[in-house]
Amino acid sequence: MTSRIAALAIDAVNPRVVAEFWCAALGWTVVGTDPDGITIGPADGAWPTIDVFVVPERKSVKNRLHLDLRADGGSTADELRRLLDLGARRVDVGQGPDVSWVVLADPEGNEFCLLSRTVQEVLSAP
């Protein structure tokens with residue numbers, strides 16, 4: 001017997017803004033709402049989902065867990081521009097100047113990374 005990841009949770013002062021950002025970034029939709037937050041996920045109902053829960057305090061320290069994204073269907077440079085246009089911003093969490101990924105943050109400062117190789121590059125690698 002093993003476990004499966006069912007959902008990831010993100011705390012937010014404004015769950016709607018954070019959920020809208022991640023829906024746009026991932027091509028997902030809102031799959032549920034309640035007074036405590038919003039659940040987003042793939043339109044086909046696949047797991048995991050992301051629960052964006054309302055909290056009273058703003059983010060104050062670096063995330064202990066973050067998402068790593070890969071561009072899918074376009075270049076990494078194009079995906080970086082798209083994510084920045086959606087409201088992401090570059091952040092410094094202590095990464096060196098020679099890393100192959102870009103560290104970004106969502107509209108409330110939750111860090112995530114855009115990896116250098118696209119989905120297609122990874123899938124076509126021997």
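## The sheet

Let's start with the sheet: it is open, has 4 strands in the order β1-β4-β3-β2, and its pairing is mixed. (Two strands pair if DSSP finds at least two bridges between them; strands are DSSP runs of E, at least two residues long, and helices are runs of H or I, at least four residues long, numbered from the N terminus.) At the edges you'll find β1 (7-12) and β2 (29-34), and each has a single partner strand, so one side of each is left without a neighbour in the sheet. On average, neighbouring strands here are turned by 20° against each other, direction ignored. (Axes are lines fitted to C-alpha atoms, for helices over the stretch in contact, and angles run from 0 to 180 degrees between N-to-C directions.)

A quick word on the model itself: it is predicted, so local features need pLDDT of at least 70 and side-chain atom pairs count only at pLDDT 80 or more, while totals for chains, interfaces and linings use all residues. Residues are numbered from 1 along each chain as its sequence is written, and side-chain values use heavy atoms, with hydrogens and water left out.

## How the strands pair up

Which way do β2 and β3 pair? They are antiparallel, over 5 bridges. A hairpin takes you from β2 to β3 through 2 residues. Within this pair, aspartate 34 stands opposite glycine 37 in β3.

Next along, β3 (residues 37-41) is joined to β4 (residues 49-54) by 4 bridges, and these two also run antiparallel. Isoleucine 40, for example, has isoleucine 50 in β4 as its bridge partner.

## Two helices crossing

Now for the helices. The axes of α1 (residues 15-26) and α2 (residues 76-86) come within 10 Å and cross at roughly 160°. That makes α1 and α2 roughly antiparallel to each other (under 35 degrees counts as roughly parallel, over 145 as roughly antiparallel, 65 to 115 as roughly perpendicular and the rest as oblique). Their crossing is right-handed, meaning that the near helix is turned clockwise from the far one by less than a right angle.

Who does the touching? On α1 the contact is made by Phe21, Ala24 and Ala25, and on α2 by Glu79, Arg82, Leu83 and Leu86 (contact means heavy atoms within 4.5 Å). These residues split into 5 nonpolar, no polar and 2 charged. (Ala, Val, Leu, Ile, Met, Phe, Trp, Tyr, Cys and Pro count as nonpolar; Asp, Glu, Lys and Arg as charged; the others, Gly among them, as polar.)

Serine 3 sits in the segment before β1. Proline 35 is 32 residues from serine 3 in sequence and 28 Å from it in space, C-alpha to C-alpha.
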